[in-house]
Amino acid sequence: MKLTITGFSTALFSTWYFIEELSLLFDCGDGASSGLLQKSHKVKYIFVSHADRDHLTGLLQFNQLNARPGFPKIYYPRDSGSFHFLEEFTTHFDPHVSGTEWIKMEEGDMIEIKKNIFVQPFRNKHVPVRKELVKSLSFHVFETKRKLKDEYLHLSGKEIAALRNELGKENITIELRENILSYSGDTPIENDGRWDETKVLIHEATFLRKGDIDLDDYRKGKHSYLEEVIEMVSKTKVEKLILGHFSSRYSAEEIDEAIDFFCKKFELKIPVFRVLPGETVRDILRN
Ligand SMILES: [Zn+2]
């Protein structure tokens, strides 16, 4: 499936990614509506990865421009306290606006956003909490297809149709899942194979190198370093990589040089795209 992805992602300031074919917005930082203009009406589903302000402050404007019966559906981590206040506030601040649904999500949910397309949230370690709490999530997007079971492959079209009437489609086919897109949200690096077999991975890379922040910095262990991301992806089956959430301390040249350097170092051969600080990038995968 072709994916037209437009996004803005700068650490501390704002992050949002719009996937046009899926009417899907991952995170809704400041400027999501002004970045998308009329296209913001196309969004039906918003998945907010966690409650840090750079990932949600665009919701107020987005909601008052685009709310209609049943949409947008705003999904947020089950145990994040902030969303309830935001929902209550918008209800009073924009009483003429209605239709928005605020929905809690948790690890393992399979949320259908289109026929045969599902979003599955799963936890990451950006917000350190006890394991029964859900406050920070990453996402897979799956496309499912049904394939005829091997034992029926030799049958004719007519015979298969008869069998389907007799046994039901579910019983003569198996479900195939393709991971068409994954989004890390904010997260430290994870080397547990969670991104394996994804066609397009959007991953954060807040810092370039491990030495770039002090040991006692509160952000230590909450975000990823470009160096680690490239190393991890080089050992993983990913077809295309989109990097974002860079710290605005880096210039475009520094980021591009570092991407180049680490791709060579770890022999990463897949197409790598990046969303530079302060830039809204339209149709990221086009270039
Ligand atoms: Zn962030």
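**View 1. Glutamate 20 is a buried residue, with a relative accessibility of 18%.** Buried stands for under 20% relative accessible area, exposed for over 50%, and partly exposed for values in between (1.4 Å probe, protein chains only). The model shown is predicted; local features need pLDDT of at least 70, side-chain atom pairs count only at pLDDT 80 or more, and totals for chains, interfaces and linings use all residues. Residues are numbered from 1 along each chain as its sequence is written, and side-chain values use heavy atoms, with hydrogens and water left out. Glutamate 20 sits in the loop between strand E2 (14-19) and strand E3 (24-26); helices (H or I, at least four residues) and strands (E, at least two) are DSSP runs numbered from the N terminus. The side chain of glutamate 20 makes a polar contact of 3.0 Å with that of lysine 39. Such a contact is a pair of N or O atoms within 3.5 Å; within protein, one must be able to donate a hydrogen and the other to accept it, and residues adjacent in sequence count only if both atoms are side-chain atoms. Leaving aside residues up to four places away in sequence, glutamate 20 touches Thr4, Lys39 and Lys42, where contact means heavy atoms within 4.5 Å.

**View 2. Asp54, His55, Asp186 and His245 are the protein donors of the zinc ion.** The donor atoms are OD of Asp54 and Asp186 and NE2 of His55 and His245, at 2.1 to 2.3 Å from the ion. Donors are N, O and S atoms within 2.8 Å of the metal (3.2 Å for Na, K and Ca); water is not among the atoms, so sites may look incomplete. Angles among the four donor atoms run from 90 to 166°, and the site is irregular. Four donors count as tetrahedral if all angles lie between 85 and 135 degrees; four count as square planar and six as octahedral if opposite donors are over 155 degrees apart and all others between 65 and 115; anything else is irregular. The spacing of the donor residues in sequence is D-H-x130-D-x58-H. Histidine 55, in the loop between strand E4 (45-47) and helix H2 (59-66), and histidine 245, in the loop between strand E12 (238-244) and helix H7 (252-265), link distant parts of the chain, 190 residues apart. Histidine 55 is buried at 0% relative accessible area, and histidine 245 is buried at 3%.

**View 3. The largest nonpolar core contains 30 residues.** A core of this kind is a set of buried Ala, Val, Leu, Ile, Met, Phe, Trp, Tyr and Cys residues joined through side-chain atoms within 4.5 Å. Ile5, Leu24, Phe26, Phe47, Leu181 and Ile242 have the most contacts inside this core. Among the strands that supply at least two residues each are E2, E3, E4, strand E9 (137-148) and strand E10 (173-183). Leucine 24 touches Tyr17, Phe18, Ile19, Tyr45, Phe47, Ile113, Val119 and Val141, not counting residues up to four places away in sequence. A second, separate core of 27 residues includes Tyr225, Leu226, Val238 and Leu268.

View 4. Most residues other than glycine have a negative phi, and most peptide bonds are trans. Proline 72 belongs to the loop between H2 and strand E5 (73-77).

**View 5. Arginine 78 and glutamate 106 pair in one of the 19 salt bridges of the structure.** A salt bridge is a side-chain nitrogen of Lys or Arg within 4 Å of a carboxyl oxygen of Asp or Glu. The N to O distance in this pair is 2.8 Å. Arginine 78, in the loop between E5 and helix H3 (82-93), and glutamate 106, in the loop between strand E6 (101-105) and E7, link distant parts of the chain, 28 residues apart. Arginine 78 is partly exposed at 27%, as is glutamate 106 at 33%.
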